[in-house]
Every structure is written in structure tokens, then in C-alpha cells.
Amino acid sequence: MEIKTEKRDNAQIILVSGMLDASNYQKFEEDISLLIQGGPDKIVFNLSNLEYMSSAGVRAFLKTNRTIKSKEGVMVFCCLKPFIKEVFEIAGLDVGFKIFADVESAVQFLDA
Amino acid sequence: MIIMARRPPELIYSVDEKPSNVPLFLLGLQHVFIISISLIFPVVIVKTIGGSDADAMFMVSMGMLAAGLTTILQSYGKHGIGSGYLCPSLCGPSYLSSAVMAAQTGGLHLLYGMIFLSGIAESLLSRVITKLRVLFPAEVTGVVVTFVGIAVLPIAFPRFIGYNAETGFINTTDLFIAIVTLAIMISLNLYTKGKIKLYCVLIGMIFGYLLSAMLGILNYSHIERILDAPVLGFPDLSHFGLAFNITLLIPFLIAMICSTLKSIGDITTCQRANDLDWRRPDMKNLSDGILTDGLADVISGLLGTFSQSTSSSNIGLSIGTGATSRYIGYSIGIVLIILSCFPKLAMLFVIMPSPVMGAALLYTVCFMVMAGLQIIMSRMMDIRKTFVVGLSFLVGLSAMTPVFYSNVPEIIRPIFASTLSLATITVILLNLIMRVGIKSSKVLEINPKENNTQKIFDFMKIQGGIWGARPEIITRAMSAINEAVEAVSFTNPDINRMDVKVTFDELNLDADISYKGSPFEVQTSRPSEKLIEEDENAIADLASYMLNRYADKVSSQKKGDLSHIFIHFDH
């Protein structure tokens, strides 16, 4: 699993690639926690390269959201592949989070 | 009976919808034009044996009557008669070479007798077809359907390009008419909607007739043939009769198998075209459709005409125009039955210009070839299936060079006489040979302390390819098994071995995950976000819930010191 970051306008775009499962969800939580520490409070998770996510990955995103919310920040998702979309629906993440078709729409929402 | 299906949105008239009278008639007429193209087969046979015009007209009229009756029966779809789909009948190309053989050996009565026998054989075969499912998985059916389209090429292409076999030259006037006719059909389909799109083939053919008249392909001699034909015509009883010859049994049985497989492909295509959720052939429906296909030959033999079979071209037409209503089948049947009694009207079809015939055939063949390829690719492929499909295509296409097989023994020559029969026999045999060594179940050993996601995914993808499973089921199974393994690793952190046994047949995919540890709890409700955020162990509950959502059935059991998780998917 790989993470790349990019700044666009006032938002931090975090591109998550590979698989997010029980073997790496804790490292993911730590890496994201370091990234957002004292940093941006508007996050876009670009999941266009995320091939698979298990329940452990769901927990990682929920915990990350809790951290961002504690700093009065906002976190959204974009570019979900069909399988990841299904995982979001089963896990109920599609109800609590905003999901966009592309990065531009997500950034526009955060700027508004 | 058709099982309740989800209507595809692109259909204008789906299987159970009845168009109003005018579209019903025009749509039926459009199909009749395509069906009439196949009436050249009886004419070809009669001319080959030096038969009379009366013989030819009789076979053509009876061909219309047989096609009309069997199209109605095929559309009926109740009490075990017919598939219930718009699956018109016409003179089937599978029998052409064996039919010529029979007519040359013992005259037309022998042809009628052997067709009658083939019909009985196919009707009996329909009763056991569900048990022979292993013989025609998706790759076999798909190859047959593809080659049904390809096999029409020797009839369609020379007519399209105006090829003269005696001179070896192309008639550019014919080619021009064919290109314009085809272009009109395609343009109307692509760029129009509603009724014009529905009748694109009919409109194209009418333009083709007009252009043929303007350019002299259709001339006064054709009009004279229409004027000379009687208004009303009833069967001449001297043409009826059945004869039999045991030496022709093998070629006709081979032709019957090709025709049956083609019909399986055709009816499967109809099922698929009318159900957005289509996953696999409805075997009971197929069985009823094949029975009616067999009865069609029984009727054809008794009436004294060429073998009738489901029409791939017409099914392609119905898909291409979005009108798959079974009521169109009734309209086709009634028009054909009426035409069989009016030689003057029938002559309108008999004089169809060759380039118009070629254009209409090429148009419909496109949809048949694509339907076959889609059936092949609806399942996961592995190296075995690559060889089954690839070799069948190559061997089947080799029949386009008949000189390769000119010294093949007479008794099996019909197999090599057409791309369809050669591809069919090849794919059936290769499928059976390549099944050797395939096991219906496989075990994967894993250590829950390691990262297993990729290992599980690779295992399932390989097995899915070997079994020819549906890709969407394999994706769900991979995810479910991984969730089960992750859940167990959370609740039993000390275990270092789990066995995942996966079993597959055409209808079921099952996983039995066993380990030495505490029993698995199946969660039917999602744990709250708060719980998941605060308690890491809640991941196991979430994993159990997600597993339950991926699978069709989940259960757990403790047997001795082994705990089991049973996961089931309907395939």
C-alpha cells in the first residue's frame, strides 16, 4: 500500500494505492496521523488506485476521520472504483462521508 | 415458461410486451424478409438434383408453412412447448450438406424422411439435455453461436460483393447496391430512434429493391414471374412422402447435433437479451425450446420441405432493433402461413436481389458473432479455455478452405463441410479432453499471522479461470474469504494455520474455512461507527458482517477441535 500527497488550493489530496487490509491498516493510520498533524484540515482521499479494502481499512478511515474532526477539519473521498464503492455501501461509509466522482469536484466542495 | 426477468432498458418491445397492430405487422414483415433468404436452400437442393420448378415452388411454399407453424409454437412458451421467446424458424443451414447428400442418393422423399427422423432424435435429446450440461459450458455455446454467424458468410459474402463463381469476377453494380443497402440499415440503427430504428432492416431492403430496379438488377422478367405465379396455391399431394436410408444416419445425426447446439446458443441469446440479470442458461426453458426445434423437423419432414431451425439472423435482428416481443413471433407465423398459400406474394421474396440478400445477412450476422463472443467472455478464462476456444476457432475456420478435407471419408465429410459443424465438433471434443485433471475442489493453506490477501486473491483467480466461473462471483468470494480469515486472526491471534477448501460446480461455489480455535460468530448487523473507532476488536465483528453481506449463506460449526466457517455463493 502506498500513499502520495499533493496540495491543491486549500486542500490536501492523499492518493492511496494498492490494498488496505489487516496487514497494513495500523501503519496507514500512523502515516496519515503524521501527515495531518499540525497540517491541513481539508483532506481529499483519492482512491482511484485503491484496488481492495477490507473491514480493517474501514476502521482506519473511521479513526482518521475522528482525528480530523477533533481538529474541526473535513475529510472527503473521490474516484472510487466500483468494488470500493460497494465496500463503502456495505460498511455504511457512503452515508457518513461525501464521495465525489473526481478530484476537482471534491476540492471545489471543500473550498466552498 | 419464462422465469421472471429484469427488463433491459434498451429494448423497445421486450418479450412480454405486445406492440400495437401496425408495428406488430411491420416488425413481423421485417423478419419474414430475413426468413425468406433461407428459402434459397430448398431451391439449391432441387437444382442440384435437376428437379423441376414445381418441386422447388412446393418446397418453398411448404418451407414457409413449416416456418410459420414452428415460429408460433416456439413463441408459445407454455405446457412444455416452445421457449416463449421471439425465436423464429427458418430453413437451417446445419443440414445443407447432408440434405444434398440425401437428395442425390434417394431423391426428395429420402431427404424428407431423414429430416423427419432427425426431428424425432432431437425431440428425444431435448428430454435429457439438462443432464448433458457439462458438454456445453459457456465457452462451447459461445463458440457455436459465433460460428453460426461465421457459417453464413459463404452465402452472404458472395451475394454482397456480387461474386460470380464461374467468371471469378465481382459485379460492381451488385457491390454498390449492397454497400448502400447496408449503409442505410446501419445509419438508421445508429442515428435514429423509435419506429425508424425498429424498421431499419426493412427500410434498407426496400431501398435495396428500388436501387436494384433503377440499376437493372430487378427488371421486367422479375415482374413477369410475379404476374405468372398463381394467386392461390394449395399443396400438390404427389410431393408428400417419406423414405429412409440407414447409411445416412450418421451425417444426419451430426447435422442434428450441430443444429441442436446452434439452437441452444440461439435460445441462450434470447434469454440473455431479455434479462438484465441473466447469469446462466435456464435449462428447463432450453429443453422446451429444443423439443419444439425437434418438432419443427418432424413437421418439415411430414410437409415435405427442408429442415427448420431457430434463426440466428432473426434473433440478431430482434436484438439489433430492440423488439424481442414474442407476439412478433405470432405475427411472423401468420404472415408466413398466409404467404404459403399465395405464390404471387411469396414470389416477391423469391425475387429478392442478391446484393440486398447479402446486405441483410451481413447486418444480422454482426449481432450473432458479437452475441457468441459475449457468451464466451462472460466467464473467467484460463489457459485450458484459451486452447479450447482458440483451437476451435482456428480449426473451424479451416473449413473455409475445403481442399484441405477433399479426401476425408464420405461418411464423416459433413463434419468438414462447414465451419459451423467443424467448429462444433472440435469445441465439444476439446472441452471434454481439457476437463481431464480439473478437480472440483481445491485447498489453500494459510498462516493467519502473515499477509494473506494477495495469496487468497491469486488462488481464487486461478481457480476461477480453471473452473470458468463468473468473475463477479469470484470477486465476492475472494473478499468474503479474506474477511473470514481477518476476523479469525483478530479473535484467535495465536493460531498459525487455517485451511480454505473451495468447491465449485456450475450452480454453486462453496468455501469451508477450518482452524483450531474458538467458533466464529456470524454477525447480521453492522457494528456502530463509534464502536469500530474505539475498540479494535470490533473489526472482527465488522469483518463478520461484511462476509455475511458478500456471501449468499454463511454458517459456522465446531466439529471436534476444529471450527468451520461455511460460505456459500449461488453461481
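These legends describe several close-up views of a predicted model.

**View 1. Chain B as a whole.**
Chain B has 571 residues, and 56% of them count as buried. Its secondary structure comes to 23 helices and 7 strands. Along the principal axes, the C-alpha atoms fill a box of roughly 95 × 50 × 45 Å. Take the contacts between residues at least 6 apart in sequence: 79% of these join residues at least 24 apart.

**View 2. The two domains of chain B.**
Domain 1 gives 9 residues to the contact, and domain 2 gives 14. About 1100 Å² is buried between the two domains of chain B, with 52% of that area on carbon and sulfur atoms.

**View 3. Where chain A meets chain B.**
Here 23 residues of chain A are in contact with 24 residues of chain B. The size of an interface is often given as the accessible area lost when the parts come together. For chains A and B, the buried area is about 2100 Å², 58% of it on carbon and sulfur atoms. In chain A, the residues that lose the most area to chain B are Ser55(A), Arg59(A) and Ile90(A). Together they make up 30% of what that side buries.

**View 4. Polar links and elements at the chain interface.**
Between chain A and chain B, 11 residue pairs are in polar contact, both residues being at pLDDT 80 or more. Which elements of chain A give two or more residues to the side that touches chain B? They are α1 (25-36), β3 (42-53), α2 (55-70) and α3 (82-91). The largest share, 7 residues, comes from α2(A). By class, this side of chain A has 12 nonpolar, 5 polar and 6 charged residues.

**View 5. Salt bridges between the chains.**
The interface of chain A and chain B holds 2 salt bridges. One of them joins the side chains of Arg66(A) and Glu533(B), at 2.9 Å from N to O. Arg66(A) also belongs to a network of salt bridges with Lys530(B), Glu533(B) and Glu534(B). Over all chains, the structure holds 21 salt bridges.

**View 6. A salt bridge within chain A.**
Arg8(A) and Glu6(A) form a salt bridge, with their closest N and O atoms 3.2 Å apart. Arg8(A) counts as partly exposed because its relative accessibility is 26%. Glu6(A) is also partly exposed, at 38%.

The side chains of Lys284(B) and Asp288(B) meet in a salt bridge, 2.8 Å from N to O. Why are the two about one helical turn apart? They lie in helix α12 (residues 283-303) and are 4 residues apart, so about one helical turn separates them. Asp288(B) is buried, at 2%.

**View 7. A salt bridge between distant parts of chain B.**
Asp552(B) and Arg476(B) meet in a salt bridge through their side chains, 3.3 Å from N to O. Asp552(B) sits in the loop between α23 (538-550) and β6 (553-559), whereas Arg476(B) is in helix α21 (residues 471-491). The pair is 76 residues apart. Asp552(B) is partly exposed, at 38% relative accessibility. Arg476(B) is partly exposed, at 22%.

**View 8. Helix α6 of chain B and its neighbours.**
In helix α6 (residues 153-161), the residues Ile155(B), Ala156(B), Phe160(B) and Ile161(B) are buried. The buried residues of α6(B) pack against α2 (40-48), α7 (172-191) and α16 (354-376) of chain B. Just after α6(B), Gly162(B) takes a positive phi of about 70°.

**View 9. Leu96(B) in helix α4.**
Leu96(B) lies in helix α4 (residues 96-128) of chain B. Leu96(B) counts as partly exposed, at 23% relative accessibility. Leaving out residues up to four places away in sequence, Leu96(B) touches Phe41(B), Ile45(B) and Phe306(B).

Note on methods: Residues are numbered from 1 along each chain as its sequence is written. Chains are lettered from A and ligands numbered from 1 in the order in which they are written. Side-chain values use heavy atoms; hydrogens and water are left out. Contact means heavy atoms within 4.5 Å. Buried area is the accessible area (1.4 Å probe) that two parts lose on being put together, summed over both. A salt bridge is a side-chain nitrogen of Lys or Arg within 4 Å of a carboxyl oxygen of Asp or Glu. A polar contact is a pair of N or O atoms within 3.5 Å; within protein, one must be able to donate a hydrogen and the other to accept it, and residues adjacent in sequence count only if both atoms are side-chain atoms. Ala, Val, Leu, Ile, Met, Phe, Trp, Tyr, Cys and Pro count as nonpolar, Asp, Glu, Lys and Arg as charged, and the others, Gly among them, as polar. Buried means under 20% relative accessible area, exposed over 50%, partly exposed in between (1.4 Å probe, protein chains only).
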